[in-house]
Amino acid sequence: MAGRIRDEDVAYVREHSHIDDVVGDYVQLKGAGGGQKKGLCPFHDEKSPSFHVTPSKGYFHCFGCQTGGDVIAFLMKLEHLTFTETVERLAERIGYQLTYDSSGPSTPGINRSRLVAANTAAAKFYQEELGKPGPAQFGRDFLNGRGFDRAAAELFGVGYAPDEWDALYKHLSGLGYTDTELNTAGLIKEGSRGGFIDRYRNRLIWPVKDISGDVVGFGARKLASDEKDQGPKYLNTSETPLYKKSQLLYGLDMAKKEIAKKRQVVIVEGYTDVMAAHLAGVTTAVATCGTAFGDDHIRIIRRLLMDDDAFRGEVIFTFDGDAAGQKAALRAFDDDQKFVAQTFVAVAANGMDPCDLRQTGGDEAVRDLVARRVPLFEFAIKSVIAGYDTKTPEGRVSALNQVAPLISKIKDASLRPEYVRSVAAWLGMEVDVVTRAVKSSGPKGSHSNQPLLESRPSESVNLKDPILMLEREVLKVKLQVSELAAPWSELEPEVFTYAPYAALRARIDESPDQVITDLLDRTEDPDLRSLITELTVEPIRTDGEISERYIQSIFARLREVALSREIAEIKSTLQRLNPVENEAEYTETFTRLVGLEAKRRTQKELAIGEAL
Ligand SMILES: [Zn+2]
């Protein structure tokens, strides 16, 4: 690691990175009133947005999972980066040159921007190689053979890794990249005779970009015959600090805006399918990079498909109709099925992939494939039925026995009768027969069709209680407009009755600078951290402006409430005291009571016109 990034630089980067822009790279944000924006939380699964961003304050908070913080916290958590990596990445984003304290260890560092730069330089190198005479012709032939001309190759930045041991290594070393950097980026590897060699040789190369468009790795297809090259057909960058295959979708940087606009994403299988789909006008196509489509992928996609207040949109898989695709579809019955209503399958009749289709049937055939999508359940059930000879009674009954348990597993109760009717039609059986088969194959007892809880209430106490709301308002004012919260220092010790609020007050008073970053830095308790960010973004409940008058009145009202509690206690103490036997104590308590009553009157006057 290089030395520590200077504090002033961290502060500069934090201040100049617009949180809504950074979040907007991952989450579709909509205006939520009061200068706030909201979207689907990237940290937990949800259908309606509880993830709020307050651009003017630079904070986010999710009311569903209670995650919150500033722009650095957001990126760190989402991309699983270290603090330093995150600041470097944000600095790169705003074109700011960081300086490091020399006090740290002085070995030349690995930082993200250097790795991205090395990858970008590699992509450019490969791209230039593709145009050269000689063996690169094999690469050009491969592309031409699949219907991709030069413009298509350029659009996707396709390149060629020359059939040499260290062409890229020499080139990048000449540009000043260190062995450690190139090795960490996965561009070179240790050779069997020591020293480094290129990772890809004599392969066609697709640069893989992350959602923001940075080149983070490569997919490389073998061009030589199997005898000459025993490596796998496709070679992908292995996991590196930049390349996390479970979170990458090839083509997403190009497709993300279209996915959000059209509320549709088409999942294809390979690099050439993504190219074919985009060129054919299916601009929402993406592919995984050498791994199965997983939970992380669906999370990324869902966030792009957010519409106003709900997830609405279509996820279309183009399986090639083979056993693996069918198995994947069948798995859907065991999943939580939260999004299955939006999941479709598009399979070409002849089992062709989009790349083949475009070559044989033109762009229209690819668009047609997507248009002819069927719901995932339908696809899965029909694939099972296809395994039986439904012309015979025995075949029909066997097929029904296989399909009935699947229907009973559909969690959406309104969909089950629909599929019962469809299956009856597909098998040519009576609806009653199918209904009985589904009933007897289902689990005992009725299905619960409870919607899944999307968010837990943040606390179990009644936060709508007017006093607690008042306590909350005062804390919000202190966190959001501290400069107007002058009466803070006069608050009575017992003014916050709800333990988390009291804890937050104590924490605020312990923080000398009383700024939120400082507050968060000093707070380890996740609940308290989450409360801090929550109250930092929750709008202050005033109809009009947040005026000094308004603030004065809510502070006064809160103090009045606290004083009333104290007065009630003192009065009950007085009742228990004997004014003759405990004369001194009685007099003292009585004097306190008079003092408190006077204070309360003042606060009551200040509180008049209070807006809560
Ligand atoms: Zn959340």
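Donors of a metal ion are here the N, O and S atoms within 2.8 Å of the metal (3.2 Å for Na, K and Ca), and because water is not among the atoms, sites may look incomplete. The structure is a predicted model, in which local features need pLDDT of at least 70 and side-chain atom pairs count only at pLDDT 80 or more, while totals for chains, interfaces and linings use all residues. Residues are numbered from 1 along each chain as its sequence is written, and side-chain values use heavy atoms, with hydrogens and water left out.

The zinc ion is coordinated by Cys-41 (SG), His-44 (ND1), Cys-62 (SG) and Cys-65 (SG), at 2.1 to 2.2 Å. The site is tetrahedral, with angles of 102 to 116 degrees among its 4 donor atoms; four donors count as tetrahedral if all angles lie between 85 and 135 degrees. Ideal angles for four tetrahedral donors are 109.5 degrees. Along the sequence, the donor residues of the zinc ion follow the spacing C-x2-H-x17-C-x2-C. Cys-41 lies in the loop between strand 2 (36-39) and strand 3 (51-54), whereas Cys-62 belongs to strand 4 (residues 59-62), so the pair ties together parts that are 21 residues apart in sequence. Strands (E, at least two residues) and helices (H or I, at least four) are DSSP runs, numbered from the N terminus.

Cys-41 is buried at 4% relative accessibility, and Cys-62 is buried at 0%. Cys-65, with a relative accessible area of 21%, is partly exposed. The structure holds 0 disulfides, a disulfide being a pair of cysteine sulfur atoms within 2.5 Å. Cys-355 is in no disulfide, and the nearest cysteine sulfur, that of Cys-289, is 16 Å away. Cys-355 counts as buried, at 4% relative accessibility.

Two strands pair if DSSP finds at least two bridges between them. Strand 3 and strand 4 run antiparallel and are joined by 4 bridges, with Phe-60 in strand 4 as the bridge partner of Val-53. These two strands form a hairpin with 4 residues between them, and Gly-58 in the turn has a positive phi of about 80 degrees. Strand 4 is also joined to strand 5 (residues 68-70), by 3 bridges and in the antiparallel sense; here Tyr-59 stands opposite Asp-70. Strand 4 and strand 5 form a hairpin with 5 residues between them. Gln-66, in the loop between strand 4 and strand 5, has a positive phi of about 65 degrees although it is not a glycine. Gln-66 is buried, with a relative accessible area of 9%. Within strand 4, Tyr-59 and His-61 point one way, Phe-60 and Cys-62 point the other way, and all are buried.

Thr-533 lies in helix 22 (residues 526-537) and is buried, with a relative accessible area of 0%. Leaving aside neighbours within four places in sequence, Thr-533 is in contact (heavy atoms within 4.5 Å) with Phe-60, His-61, Gly-68, Gly-69 and Leu-520. The C-alpha atoms of Thr-533 and Gly-68 are separated by 5.2 Å, although the two are 465 residues apart along the chain. Helix 22 is mostly covered, with 9 of its 12 residues buried; among them are Leu-528, Leu-531 and Leu-535.

Another helix, helix 24 (residues 583-607), has 25 residues, and its end C-alpha atoms are 36 Å apart, which agrees with the 36 Å that it should span at 1.5 Å a residue. The expected span is 1.5 Å times one less than the number of residues. The buried residues of helix 24 include Thr-589, Leu-593 and Ala-607, and what covers its buried residues includes helix 23 (548-576).

Elsewhere, 6 strands form an open sheet in the order 12-14-13-17-18-19, with mixed pairing. Strand 12 (249-250) and strand 19 (374-375) are the edge strands, each pairing on one side only. Strand 17 (residues 314-317) and strand 18 (residues 343-345) pair in the parallel sense over 3 bridges, and Thr-343 in strand 18 is the bridge partner of Val-315.

Conventions. Buried means under 20% relative accessible area, exposed over 50%, partly exposed in between (1.4 Å probe, protein chains only). Four donors count as tetrahedral if all angles lie between 85 and 135 degrees; four count as square planar and six as octahedral if opposite donors are over 155 degrees apart and all others between 65 and 115; anything else is irregular.
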